[in-house]
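Please look over the sequence and the model below before reading on. The paragraphs that follow take up salt bridges and then helix packing.

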Amino acid sequence: VIKSVEAVMRLALMYDDDESRYLFDFTQSQFVVVDEVDEALKKHGLGLRTAVARQWVENAGRMTERYDGDPRKIFDNVTDYDEALTHIQNDGKSGGFKGFQHKMTSMIIYYLLDDKLIHGFDHFPIPVDLHVMRMSIAHEMVTFPNADESQDLFQPEVTTALRELYVDYARRHDVS
């Protein structure tokens with residue numbers, strides 16, 4: 001498992017690598033052989049599973065077909081997080097993007113907002129992952145009175161509750 005910030009930094013290095021930059025052009029990478037993507041990812045310490053390379057190629061095709069290869073267009077006429085989820089979250093059929101769920105939806109919104117590439121998302125959930133969950137439990141923002149040490153608490157209902165808790169806090173205190 002790789003931390004999100006580390007993954008983004010490695011992706012940035014992959015982008016800066018002239019040999020693999022073309023993979024970030026969805027109109028090109030949708031036609032690339034999966035092994036090429038796999039090799040480039042592994043060269044930069046990413047893609048520990050070949051499934052990631054397959055998803056890359058599939059998602060490039062979806063991005064090109066649905067949004068002309070421009071991630072900003074995902075957010076055209078999108079007014080809130082739930083709407084963004086319908087465009088980004090993989091629904092297990094053909095909707096959204098392979099490998100993308102709530103956490104990645106939040107991360108995409110955050111990065112595009114931070115670079116001022118999209119607007120209009122004042123309050124949306126933080127990317128809830130194992131690390132956020134651990135800190136939230138350690139600070140007793142959520143408690144599990146009947147849980148034992150061996151119980152896996154990283155469950156959908158818990159991550160949903162944490163997303164709601166953090167976005168509710170942001171709204172109540174009018175903070176991003």
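This is a predicted model: local features need pLDDT of at least 70, side-chain atom pairs count only at pLDDT 80 or more; totals for chains, interfaces and linings use all residues.

**Salt bridges and a helix pair**

D18 and R21 are joined by a salt bridge in which the closest N and O atoms lie 3.9 Å apart. R21 has a relative accessible area of 32%, so R21 is classed as partly exposed.

How many salt bridges does a search of the whole structure find? The search gives 10. Two others, besides the pair already described, involve K43.

One of these is between the side chains of K43 and D17, with an N to O distance of 2.8 Å. This pair connects distant parts of the chain: K43 belongs to helix α3 (residues 34–43), while D17 sits in the loop between α1 (4–16) and α2 (26–29), and the two are 26 residues apart. D17 has a relative accessible area of 15% and is therefore buried, because the limit for buried is under 20%.

The side chain of K43 also meets that of E19 in a salt bridge, at 3.3 Å from N to O. Here too the link is between distant parts of the chain, from E19 in the loop between α1 and α2 to K43 in helix α3, 24 residues apart. E19 is exposed, with a relative accessible area of 63%. Through shared partners, the salt bridges join D17, E19 and K43 into one network.

The next topic is helix packing. Two packed helices are described by the angle between their axes and the distance between the axes. Helix α5 covers residues 81–88 and helix α6 covers residues 102–114; they pack at an angle of about 110 degrees, and their axes are 10 Å apart. That angle makes α5 roughly perpendicular to α6, because the range for roughly perpendicular is 65 to 115 degrees. The crossing of α5 and α6 is right-handed.

Which residues make the contact? From α5 they are Y81, A84, L85 and I88, and from α6 they are H102, T105, S106, I108 and I109. Sorted by class, the contact of α5 with α6 has six nonpolar residues and three polar ones, with no charged residues.

Key: Residues are numbered from 1 along each chain as its sequence is written. Side-chain values use heavy atoms; hydrogens and water are left out. Axes are lines fitted to C-alpha atoms, for helices over the stretch in contact, and angles run from 0 to 180 degrees between N-to-C directions. Helices (H or I, at least four residues) and strands (E, at least two) are DSSP runs, numbered from the N terminus. Angles under 35 degrees count as roughly parallel, over 145 as roughly antiparallel, 65 to 115 as roughly perpendicular and the rest as oblique. A crossing is left-handed if the near helix is turned anticlockwise from the far one by less than a right angle, and right-handed if clockwise. Contact means heavy atoms within 4.5 Å. Ala, Val, Leu, Ile, Met, Phe, Trp, Tyr, Cys and Pro count as nonpolar, Asp, Glu, Lys and Arg as charged, and the others, Gly among them, as polar. A salt bridge is a side-chain nitrogen of Lys or Arg within 4 Å of a carboxyl oxygen of Asp or Glu. Buried means under 20% relative accessible area, exposed over 50%, partly exposed in between (1.4 Å probe, protein chains only).
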